[in-house]
Amino acid sequence: MAYNYEKPDNLVDLFETAVVKFGSRPFLGTKDSQGVYQWLTYQELANKVDLCRSGLSQRGIGIGDTVGFIGGNRWEWAVSAFATYGLGARFVPMYESEKAHIREYIIKHSECKMCIVSKPEVAHEIQKTCADSAFLKTVLVIDTDAESTSFATVLKSGINKPVASNKPLFSDIAALIYTSGTTGDPKGVLLSHGNFTHDARAGYTFYKTVLNETSVSLSVLPWAHSYGMVAELYNWLLTGGSIGFMEKVETLADDMFKLRPTFLLAVPRVFNKIYAALHKKMKDTGGIKEKLFNWGVAAAKTKRLLANQGKSSVAVNIKVAIADTLVFSKIRQRFGGRLGGALTASAMMNVEISYFFWDIGIPVYDAYGLTETSPALAMNRKEDFRIGSVGKTLNAVRIEIDKSAVGDNSADGEIVAYGPMVMQGYYKNPEATAAVMTADGGFRTGDRGRFDADGFLYITGRLKEQYKLENGKYVFPAAIEEEMKLLPYVENAMVWGEAMDYNVAIIVPDFAVLAQWAEAAKLKTPMDGIIHNHATQDFIANEIIQHLRENFGGYEVPKKYLFVDEAFTIENGLLTQTQKLKRRDVFEKYQAQLKALYQ
C-alpha cells in the first residue's frame, strides 16, 4: 500500500533541517563531575556527526551495512545513529544491561559489521562471543583510553577527510529494533526512514501547542526502545527543544531538580511509584499534614467533578487554591517546578492515579503503540483527551477492530493497524511476518481494544495473555497485577490460573516498606525471613484482597499467594528491558510452587 510521506521523509534530512533551524540552541545535556549540566548545541552535535560519518566511512561502513550500538542514552548514541544513517547504513541499538547471549544473537542475526559500545568489558565480551561472526569486523569503545579502538579516535580521524551524507529514500531501512523476546528469540523489526519520520511528525502535530524551542525533557526512557527513540530524540528535532540525560535511576530526583523539565516521557510505573510514596508518606506522617493533604485532594476532585457537569463553586475553588499553595505546589517542585505534562506508554495508567496527577496540576497523557508501528498509533493530548483511553489515532493511521479474533458478539476485538508507520517486516523471518501482517498491509497487534462513540481508543487486554478459568470466564492478568502493584507492600506480582478453579498469584514484596511495617507491628522475625512469616503473608494477602475487591469480580481476585524474596529483574531474565513481565519465564521458574497452591 502506497503512502504519501511529507518532507523531510528521511532521518538525515530531518536532522539537518533541525540543525539549520535551531543550530545555536542547546540540544543534548550531560551532567559533569560537579553535577552541572553541560550542553551541546544542535550545530555542535552536527559537527560531531560529520566527523563520525567520515570516521565510520574510513573503517568500511557504507550503504546497506549494519552498525550496532550498545550503551545508554548519551550524545554518542545520537552521533553514531545519524552518522550511520548518513552513510546509508542500518543502525541496531541494544540495551547496555542486555544479557550476553541476547546481544550475541542480535549482533549475529543483524549481521553487524561494526559495534560501538560504551565500556571495555562489553567490548571484550563481544569479541569473545562473536569471534565466529562472518560479518563483525570492528568494535569501538566510548569510555576507554586505548586509542586504537576508541570512539574518540574515530572522530579525530574524520577531521581532514569529510564525507558528504547520503540522502536515503523513505523506503530505505533506517534501523532494526529487536523485540524483547518474551516468547523466544527476539525479532528484528525493520523500520524505514519513512516509518520514523512520519511517526515523529504525527506525534509532534498532536503536541505542537505544548512543545517548542523552550521545551526541556529529562531523558529517562532508553533510546534503544522505539518509544524513547522516536517520541523524544526524533520528535525533539521538530521542536528545537533540549534533552538532558538522567545520570542514573538513583539520581532521578536530583536530576529533576537541576534540569527542571517542562515535559516528561515516561512509563506509568514512574507515576505509580510517586503516587504510592506520597500516600505512604502522608499516612506515616499523620497529623495536620495528612489531613491537609487529604482535604486538598478531595477538594480538587470535587472541582473536577463539578467541571465535568459544567458547574463551578467559589468555595471549592478557594479550597483548591489554598491546597495548591500549601500542598500541590510542593509536589510539583519534586518534578522541578515547571512540568507542564507527561506522556506515558508501554502500559495503561491507572485511572485513579491519572486523575490524581491531573488534579494536582500535572496532566498525564496516555498513548499507545508498538515497536512494529514505529511506535505510536494513538495519543491523548491537551486539546482532546479522555482519561482511561489511549486517545485518538494519529494522522494517516487507520485502526480496524477485528471482532472475529475474540467472538463476533464481543464489544471489542483485536486491534489491526494500517498506515505509513507500519514496519516493513521482521528481518530474515518471513513466517513471523506473515503471521502478523494482513493481505492488505495491516498489522495485527495482538492487543484487544474498542472505540467509544467519540473516537477514543480503549485497550481492553492482550490476546496472548488472556486465559480462561475452569468456569469459562476470561481473565486478563496484567490489569490485576498492575492494581496489586499500587499497594506499597507489593513490588511486583504475577497472576496465574489458566484452566484452574481460581486464580493464584506470585508476590514480590517491597522489603523497604515491609521493614517499616514489621517494626510498627513489633515482629521479632529477622528481615531475611520476614516474607516467610505467616503473619506477614496474611497481612499482605488481606491487603491485596480488600484492594482488588473494589475493582474486580470475585472470580478474578487470587485466592492463594506464593511469596518470593527474589525480585523480578532484567538481570535474572524475568523482566524485559522495558520492565514488562516475562510471564512464560516466571511461570517456568515457579510452576511447581504455583501448582502446589491448588493441592
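This is a predicted model: local features need pLDDT of at least 70, side-chain atom pairs count only at pLDDT 80 or more; totals for chains, interfaces and linings use all residues.

Biologist: Which strand supplies the largest share of the lining of the largest cavity?

Modeller: The search of the whole structure returns 1 cavity of 30 Å³ or more, and the volume of the largest cavity is about 40 Å³. Its lining includes Ser354, Trp358, Val364, Tyr365 and Asp366. Helix H13 (351–359) and strand S13 (364–369) each give at least two residues to that lining. The largest share, 3 residues, comes from S13.

Biologist: How many residues of the lining of the largest cavity are charged?

Modeller: The lining is made up of Ser354, Trp358, Val364, Tyr365, Asp366, Asn380, Phe385, Arg386 and Ile387. By class, 5 of these residues are nonpolar and 2 are polar, and the number of charged residues is 2.

Biologist: Are helices H3 and H8 roughly parallel or roughly perpendicular?

Modeller: Two packed helices are described by the angle between their axes and by the distance between the axes. For H3 (residues 75–86) and H8 (residues 226–239), the axes lie 13 Å apart and the packing angle is about 75 degrees. Angles of 65 to 115 degrees count as roughly perpendicular. The orientation of H3 to H8 is therefore roughly perpendicular.

Biologist: Which strands stand at the edges of the open sheet of 4 strands?

Modeller: The strand order of this sheet is S2-S1-S10-S9, and the pairing is mixed. Neighbouring strands are turned by 25 degrees against each other on average, direction ignored. Each edge strand has a single partner strand, so one side of each is left without a neighbour in the sheet; the edges are strand S2 (37–41) and strand S9 (216–219).

Biologist: What is the bridge partner of Leu218 in S10, and in which sense do S9 and S10 pair?

Modeller: S9 pairs with strand S10 (residues 242–245) over 4 bridges, and the sense is parallel. Within S10, the bridge partner of Leu218 is Gly244.

Biologist: What angle does the direction of helix H2 make with that of S2?

Modeller: Helix H2 (residues 42–58) packs on the sheet and touches both strand S1 (26–31) and S2. The direction of H2 makes an angle with that of S2 of about 70 degrees.

Biologist: Which helix supplies the largest share of the lining of the second largest pocket?

Modeller: The second largest pocket holds about 670 Å³ of space. It is lined by 23 residues, and His279, Lys280, Lys283, Leu487 and Pro488 lie nearest its centre; by class the lining has 11 nonpolar, 5 polar and 7 charged residues. Helices H10 (268–285), H11 (287–308), H16 (511–521) and H17 (534–548) each provide at least two lining residues. The largest share, 7 residues, comes from H10.

Biologist: Which residue stands opposite Arg448 in S20?

Modeller: Strand S19 (residues 443–451) runs antiparallel to strand S17 (residues 413–418), to which 4 bridges join it; in that pair Glu414 stands opposite Arg448. S19 also pairs with strand S20 (residues 457–462) in the antiparallel sense, over 5 bridges. In S20, the residue opposite Arg448 is Gly461.

Biologist: Which residue in the turn of the hairpin of S19 and S20 has a positive phi?

Modeller: S19 and S20 form a hairpin with 5 residues between them. A positive phi of about 90 degrees occurs in the turn at Gly455.

Biologist: Where does Arg260, a residue other than glycine with a positive phi, lie?

Modeller: Most residues other than glycine have a negative phi. Arg260 has a positive value, near 55 degrees. Its place is the loop between helix H9 (252–259) and strand S11 (264–266).

Biologist: What is omega for the cis peptide bond that joins Ser374 and Pro375?

Modeller: Most peptide bonds are trans. A cis bond joins Lys7 and Pro8, with omega about -10 degrees, and Pro8 is found in the segment before helix H1 (11–22). Pro375 is in the loop between S13 and strand S14 (376–379). For the cis bond of Ser374 and Pro375, omega is about -5 degrees.

Technical notes. Residues are numbered from 1 along each chain as its sequence is written. Side-chain values use heavy atoms; hydrogens and water are left out. On a 1 Å grid over the protein atoms alone, a cavity is a set of points where a 1.4 Å probe fits but cannot get out, and a pocket is an open set with protein on both sides within 12 Å along at least five of seven lines; lining residues have an atom within 4 Å of a point. Grid points are joined across faces, edges and corners, and a volume is the space filled by probe spheres set on the points. Ala, Val, Leu, Ile, Met, Phe, Trp, Tyr, Cys and Pro count as nonpolar, Asp, Glu, Lys and Arg as charged, and the others, Gly among them, as polar. Axes are lines fitted to C-alpha atoms, for helices over the stretch in contact, and angles run from 0 to 180 degrees between N-to-C directions. Angles under 35 degrees count as roughly parallel, over 145 as roughly antiparallel, 65 to 115 as roughly perpendicular and the rest as oblique. Two strands pair if DSSP finds at least two bridges between them. Contact means heavy atoms within 4.5 Å.
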